[in-house]
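Please look over the model below before reading on. My comments are set out as numbered points.

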Amino acid sequence: MSLTPDRIRADIEATRAELAADLDELASHASPRGVARRGGEHLRESASQLRERIERMTPAREGRAPRAPGRGDRGSGGQLAAGVIAFGAGLLAAALAPGTRPEERAAAEPLREASVDAAQRLGRDTGDTARRAVRTVRDAGERPPGPDG
């Protein structure tokens, strides 16, 4: 397979495009908006699952007279639901609050590592392509001239 300058340029452009796509994906994954969106989705899913568990645990009271609070009464399902809602509101507030510097550094670490990996891969790919190009040019220079010149 002969490496032409056009082929080398195409390889470099393809590698650059791949690197740019990787960095765009990493940036969108690490963006505060993306983190908040994923956190909100997780919170909604957790709240939905918790609500379903509470509904399964709370006996249906239809057709029964309301129970008077007694010594062994631990509270109604309404009190439990109110506690769960307050807990969820606290979680939501914590998720929306801006992060501290150590949290931001910890969140940026995977992005930094991925960027370094992508840059190293680009360097390897580009280096291999450049070495092949040099070899091709050197080989072309060492060949004796053909009948045309």
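Predicted model: local features only at pLDDT ≥ 70, side-chain atom pairs only at ≥ 80, totals over all residues.

1. Residues are numbered from 1 along each chain as its sequence is written, and side-chain values use heavy atoms, with hydrogens and water left out.

2. Helices are DSSP runs of H or I with at least four residues, numbered from the N terminus. Helix H1 (5-30) has 26 residues and reaches 37 Å from its first C-alpha to its last, close to the 38 Å expected at 1.5 Å a residue. The expected span is 1.5 Å times one less than the number of residues.

3. Which residues of H1 are buried? They are Ile-8, Asp-11, Thr-15 and Leu-19, where buried means under 20% relative accessible area (1.4 Å probe, protein chains only). These buried residues pack against H4.

4. Thr-15 in helix H1 has a relative accessible area of 16%, so it counts as buried. Leaving aside residues up to four places away in sequence, Thr-15 touches Leu-122 and Asp-125; contact means heavy atoms within 4.5 Å.

5. Helix H2 covers residues 32-57, and its 26 residues should span 38 Å at 1.5 Å a residue; the end C-alpha atoms are 37 Å apart, which agrees. Gly-34, Gly-40, Leu-43 and Ile-54 are buried in H2.

6. The largest pocket has a volume of about 570 Å³. A pocket is an open set of points on a 1 Å grid over the protein atoms alone, with protein on both sides within 12 Å along at least five of seven lines; lining residues have an atom within 4 Å of a point. The volume is the space filled by probe spheres set on the points, which are joined across faces, edges and corners.

7. Of the 20 residues lining the largest pocket, Ala-30, Pro-32, Val-35, Glu-104 and Ala-107 lie nearest its centre. H1, H2, helix H3 (77-96) and helix H4 (101-142) each supply at least two lining residues, and H4 gives the largest share, six residues. The lining has 14 nonpolar, four polar and two charged residues. Here Ala, Val, Leu, Ile, Met, Phe, Trp, Tyr, Cys and Pro count as nonpolar, Asp, Glu, Lys and Arg as charged, and the others, Gly among them, as polar.

8. The second largest pocket has a volume of about 340 Å³. Among its 15 lining residues, Ala-47, Leu-50, Val-84, Ile-85 and Gly-88 are the closest to its centre. The elements giving two or more residues to this lining are H2 and H3.

Notes: Buried < 20%, exposed > 50% of the residue type's maximum accessible area, 1.4 Å probe, protein only. 1 Å grid on protein atoms, 1.4 Å probe; cavity = no way out; pocket = protein on both sides within 12 Å on 5 of 7 lines; lining within 4 Å.
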